[in-house]
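Visitor: Hey, could you walk me through this one? I'm new to reading structures.
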Amino acid sequence: MADDTDPPSSDRPSIDELVSQMTLEEKVSLCSGVGNWYSAGVGRLGIPVMKMTDGPSGARGEGARSVNFGGQTSASFPCGAALGATWDPSLAAAVGSAIGQEACTKGAHLLLGPTVNLHRSPLAGRHFECFSEDPHLTGVLGSAFVRGVQSQGVGATAKHLVCNESEYQRHSLDCVVDSRTLHEVYLRPFQMMVQGAKPVAVMTAYNRINGVAASDHSEIIADIVRAEWGFDGLVVSDWGGTRSTILAAEAGLDLEMPGPAKRFGERLIEAVELGQVREAVVDSKVRRHLQALVRTGAWERPLVEEQSVDDPTHRRVARTAASASMVLLANPDQLLPLDPEKPQRLAVIGPNADRAVVQGGGSSQVMHHPSLSPFEAIREMVGDVADLIHEPGCRIDRRVPDLDLRLVRPPESPASAVGSVHVEYLRQATPTSPSPSSGPESRSRFLWPDRIGAVGQLDVRLSATFRPDTTGPWKLGLVVAGRARLLLDGEPLIDANSGMARGAEFFADSFDDNVTSVDLVADVDYSLVVEFAAMDSPGLSGFSIGALAPPLADIMGRAERAATEADAVVLVVGMDDDWETEGRDRERFGLPGQQDELIRRVTGANPRTIVVVNAGSPTDLAVVPASAALLQIWYPGEAGAEALTDVIFGQSPPGGRLPTTFPRHLGDTPSFANYPGEFGEVHYDEGLLVGHRWYDQHGIEPAFPFGFGLSTTTTDWTEIVTSGSAAGGDLAIAVTVRNTGERQGVDVIQVYAHFPESKVGRPDQQLTAFTKVILDPGQTSRVVVPIDTADLMYRNSAADIWELEPGTVELRVARHSRDVEAVIRVTT
């Protein structure tokens, strides 16, 4: 990535010269976006636009949330919580690098990720998107991710600054937090990234902090991020998250997104002309904008047409990261791994067993490349040896699920051409907004950031041949942001319009309750048509087609019988992108639907059951018996099913450790008494005691502690010593680790600091350093774990500085937060 002080090119003016040549109107134009994904350019001076793309788990491009989407697929990598579970900065960097390359295929210069908010409650809708409950683990992995992205000449954006830990009233909620907690916990990951990895941009949150909107918060943006941390990059608003003109401008917000401007633009010009905002403030924003163009290569890398590149290298990275994130929580009698060469009868059961649940919901979603379900991946690996049977056992649909593309094909196409629908775009093109190309689309959900045509005009017509696979009463549904109707064999079945009650989908901008029941016959072709027209007000537009098959008779009994007849069972439970999504928090801690009952009956029928939890956050797993193996796989990305088979059949070790504590009860969680908030406020009253710190301080026994994860081998740790000193900045711990088992294995050396002589309130222990090591059978490695002195400091709120207390620190060398191998005392 280019140095941000360099001029764009030797034959172009310097940044200062460009600023001096710009009119006020041109300067202000660079302070807000053009459309959903672009910054403005200044053609007169050759200043290019900068293209942005979501997100933290893959580069979507304009995709399904843009008027001009081209239906391009993208690589889907493991979600943030999964990367957190790897405890592996080198792997986080590799994923970041691959996503940076993906952003280049979409012609993007700035990636809107990573998400570095914390796991404050397992109910948070975007829990899956964030790395960890722990600020240190988040900061280390986030920094590595940023370095990886920016190694490809693409800028990274650390988001969302700050205290954006829930979706409840997310546009207005006031997060009340004391100064020391703000600095040591919630700002700390951002600080580590800004000072250590230098992201091109930081994105402000929607919420307020101590009464002030994040985009207006001069104490955070100007005083802390810029003055104290030395950040000279771009501060960009979340989409629609700029709350004012003068306050935001003076605080240091550089770029209002999306365009056209609502708070900057003409209002900012007027504020400058009236003397309410100094033109020098605007000049500083422009300089930072031009520096961002340099760092992201926008001058040298012009806009290109988006491409869908299913890169085998990226699939390998995604697969490696997924297996490295999978946490083995229980493995009685060494049930795992299974023998891939042994003839056996395997039952693959569960609502997530024969569908690819690879990502959570919201802005982090991509239209991913083709992905296998766990059942398909198991069949691919051992289908020639093992006798396989699949039963769903139950369903977990929060609504009528999206139409299964395996049941549709474009009209008048052969029966073998399943997997897409025909979409016709009917609006007229304009010079600034060309019509998308009509043709086949492999999707049943369409979403645009703004209405795409004139009010009342028919914009989109979708048609398909629908061949159901089951006879009986089907439920067909439409989720609509706009106006739409669904026709089957020419008969209107659903007529949805904006006069209906607003629902929860599409970021609460939709009308959801559009469901009808119709009797259909299996293997008979039906003509399916959806006609869609734009909304009559600004906001999201789009629609989603749903189809729910008739319930299987005795669906759970069938699963139970399959388990009884099997030599072993792989039971895949969890959630999906309807249950865990941006815009909505979860309502309960347990698994949705009848999954608890399914787990009881299947594990009761066959004790050789591997329970696989496909979810992005902790859930209530008390129903899983001690006889069953238990594997947490998060949302593992496009190669997640293959990675799962690697772990189940011993091709890869389960490499993950928990990045967040799994509580026994929701009431045990640190934020329980103050979540999600009331009367427009949420109080962060747990203070410094976030995550594992809370359980340790209060002696609460979790279901599974922070940093926990079993191995399929055994290791010995010996010769644990320190070197260097905190004062000298070279403190480190060395450990000799030996794999004493018969399989490749993974260990994470975790170092927790305890401050017995501290004169200020400190957690009983806090994560200070860690290192991951992979060892072959019999291999020995001398592992050095550096400890940054900054991670031993506390924030003196009275003096508003960081301080290292003199005295003794206990360094607890541990396998996880509740399993300490050695304690070493050092002097600071």
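Guide: Two strands pair if DSSP finds at least two bridges between them. This is a predicted model, where local features need pLDDT of at least 70, side-chain atom pairs count only at pLDDT 80 or more, and totals for chains, interfaces and linings use all residues. Residues are numbered from 1 along each chain as its sequence is written, and side-chain values use heavy atoms, leaving out hydrogens and water.

Visitor: Okay, which residue does Ala330 stand opposite?
Guide: Leu630, in E27. E11 and E27 (residues 629-632) run antiparallel, joined by three bridges.

Visitor: And what order do the strands of the open sheet come in?
Guide: E11-E27-E26-E25-E12-E13, six strands with mixed pairing. At the edges sit E11 (327-330) and E13 (387-391), each pairing on one side only.

Visitor: Switching to helices: which strands does H13 lie across?
Guide: Helix H13 (residues 374-382) lies across E12 (345-349), E13 and E25 (568-574), at about 175° to E13. Axes here are lines fitted to C-alpha atoms, for helices over the stretch in contact (heavy atoms within 4.5 Å), and angles run from 0 to 180 degrees between N-to-C directions.

Visitor: How does H13 cross H17?
Guide: Their axes come within 8 Å and cross at roughly 55°, H17 being residues 640-648.

Visitor: Which residues make the contact?
Guide: Among them are Pro374 and Met381 of H13, and Leu644 and Asp646 of H17.

Definitions and conventions: Helix = DSSP H or I, 4+ residues; strand = E, 2+ residues; numbered from the N terminus.
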